[in-house]
Amino acid sequence: MPHRKIQKRSVADLKVGEKAVIESFSDQWMSLKLLEMGCLPGTEVCLHCKAPLGDPICLNVSGYCLSMRKSEAATILIEQ
Amino acid sequence: MGNPNSGKSSLFNQLTGLRQKVGNFPGVTVDKKSGTAFLNETTEISVIDLPGVYSIYPKSVDEQVVTDILANPQHPDYPDVAVVVVDASNLNRNLLLFSQIQDLGVPVIMALNMLDIARQQQLEINAVRLSMQLGVPVVKINARIGEGLELLKVAIEQQIGQPTVSETLFFDPGQQTALAGHDMKGLISDVRQQYQLTNNYLALQYLIQHDGFSFLGQPQRVKLDGLIEKYQFDDVDFQAKETIGRYKRIGEVVKTVVTDKRPLDQSTWSQRIDQILLHPVWGYAIFATVLLLIFQAIFAWAQPFVDGIDAGVAWLNGTLHDQLPDSPLTDLLTDGIIAGVGGVVVFIPQIAFLFLLVSLLEESGYMSRVMVLMDRIMRQFGLNGRSVVPLISGVACAVPAIMATRSIGSWRERLITILVTPLMSCSARLPIYTILIALVVPEKTVLGFLNLQGIVMMGLYLLGLVAALVAAYAFKLIIKAKERSLFVMELPTYKWPRWNHVGITVWDSVTSFVWQAGRVIVAISIVLWVLASYGPGDALEQAENRARSQYANLPTEEVENRVASGKLEASYAGRFGKILEPVIKPLGYDWKIGIALISSFAAREVFVGTIATIYSIGSADEGNDSTIREKLAAEINPETGEPMYTPAVAFSLLVFYVFAMMCMSTIATVYRETKGWKWPMIQLAYMSVLAYGSAFLVYQLMK
């Protein structure tokens, strides 16, 4: 399992303006909050902007803007 | 109740107007607010506004309130009808919370809000179909302008008279055996039987959240743990499945009621603004400008109002002195009460400006951008981006600021924020800063538009901020993390401030400042006047005679001043001050300042009032129509013959007050929020040491 984590791309790897579809989560505890906020597997997200120091980041999810730390974004794995 | 930023507070203000029972402390909505509204001519109802949440599972202490009430029908605030405000422009996510509240078995009404914003985004919502799909009344409202309130009231009336509750649950945990991989039906019915619950979803909440439910006793919790063990129930896993399951059904519902015509990646104007406000360079530059503007406003723009009030109080005092018969009662009124209260009233303009600007920042949505902007930096100091709100509202008052830390999920980050927030200069320090700066810093303009006094003022605020960050860093090294830190946060769209909200906030904060501070100050002023006007035995007369014989060759006016000063020194208050003098001498203070220090221990703002009272009594100026500032400027140091308030003394005092934790209300609040005396005492100790040490350094270096 740990190897897959490294290979998989996550939302933290996105460039500004890039879109991706959520596939799964690598951290169950964190996924609870993210799911509630509408980050569901199969949902399309778009990296909308980054804070000045590149962290936290802002995502567009189902029509609104969600900000999170880079480390948190790294738990959202995306489809290749 | 509803999601954050869905318009709950707007609706609450529309329903209740000024009939709100606001908490003692203004600022951010951290606790529930209540008020009353008229349903029709004869029925008055009580309305409760709960903090915004995204789901029934709380992630921080402020969110806990909602679950505590809804999961416990015995709770005094358990609603007859729950009005859930739903943001139509973000229906899916808002329906998650709605469906959970509905499943708990409370009679609900959906108040569908922000339809205008949805329409702008080319979303059309069929409210009738939504109502039929969910089996609940849906009322379209526009909380900002108060549209649809009458229909909402009719719906509330109907739900109270004849509650309709949906027969089937939106998500029934008892039916999810396949999903959970174990016997959910048996588990849920065991819980229901044991606690006489009629609702499957409530039973699930007992299972998942029993540790947070204050109404459950220890044995009950252990029993629930036993059931969890028996059925091998994995709560985190099930919760994730619940959320996915709900969203799946919500998606089906939304598909039938919403026509979505918007292109997938249209950029809204909110996002375009973000490009500038979160820009690597401009973002910080704009934030710094905003802060600078706030201080300019407090100091420069409020000044005409301050001067007006100051002159008015001095005039009133002088007139009363002239008109009323000479008696101890007159002295008590003028030297004691009016001098003391005047010292507080004078600062109303500045406090009003401060709250005005802070609430504008919150209203517009800029505050959450500031959190994003600052999170990375704050993390270095063991804080969280969310700590920005307590720190900024700490500039107004530490008490609501400390309560605002409840939105920080991690205990360690929250505790550190609580410990350092009182270092932010609150509005009670403003009177002290203002008067001392005006005394020793010349009123000059630099760089064409900046007021020098304003800059010194900003320097003091920055000093507090830097100290807060350094202290946070020190605590970060000491305090160990208990749980993980979380910074997943919605960025609301920018909105025009609702002026009535801003107005209510400013009004609440000013009145509560006047009442809270005013009461203490009147009481202390009276006590102080008595202590400063009377002494043990005939000590005062002796002092008077001594002064008269000693300075017999001076002009009459001078003699009277010496007599008044000698009498004050011999009074009870003077004796207290004298005892304290050796301790504060290294800081440059005399016994008169000592009296003010002691009395301001309850609340800092008392300092100015006390100084005013002491100097009024301690001088023979019969007219008494000089302002506090003039009184301070006229005060002579008996040892040097120079003015008492040299820059060294004034700055030493300023630094002392930047750091000192002189506020009973803050100590009490920290005690309440940390549930014990340990942290407030640690806080008091470190801040006192810091205050004394820095004031000592400043005086010794500047002397």
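1. Between chain A and chain B, nine residue pairs are in polar contact, both partners being at pLDDT 80 or more; a polar contact is a pair of N or O atoms within 3.5 Å, where within protein one must be able to donate a hydrogen and the other to accept it, and residues adjacent in sequence count only if both atoms are side-chain atoms. On the side of chain A that touches chain B, α2(A) gives the largest share, eight residues, and by class this side has 17 nonpolar, seven polar and nine charged residues. Here Ala, Val, Leu, Ile, Met, Phe, Trp, Tyr, Cys and Pro count as nonpolar, Asp, Glu, Lys and Arg as charged, and the others, Gly among them, as polar, while helices (H or I, at least four residues) and strands (E, at least two) are DSSP runs, numbered from the N terminus.

2. A word on the basis of these values: this is a predicted model, in which local features need pLDDT of at least 70 and side-chain atom pairs count only at pLDDT 80 or more, whereas totals for chains, interfaces and linings use all residues. Residues are numbered from 1 along each chain as its sequence is written, chains are lettered from A and ligands numbered from 1 in the order in which they are written, and side-chain values use heavy atoms, with hydrogens and water left out.

3. Chain A and chain B bury about 3,500 Å² between them, 60% of it on carbon and sulfur atoms, buried area being the accessible area (1.4 Å probe) that two parts lose on being put together, summed over both. Of the area that chain A buries against chain B, A:Glu36, A:Pro52 and A:Arg69 supply 21%, more than any other three residues.

4. The interface of chain A and chain B has four salt bridges, each a side-chain nitrogen of Lys or Arg within 4 Å of a carboxyl oxygen of Asp or Glu. One of them joins B:Lys59 to A:Glu36 at 3.2 Å, N to O.

5. Within chain B, the domain assignment gives domain 1 (8–161), domain 2 (173–260) and domain 3 (517–645), with bounds that come from an automatic or database domain assignment. Domain 1 of chain B and domain 2 of chain B bury about 2,300 Å² between them, 59% of it on carbon and sulfur atoms, and one salt bridge is found across their interface. B:Arg246 forms a salt bridge with B:Asp103, the closest N and O atoms being 2.9 Å apart.
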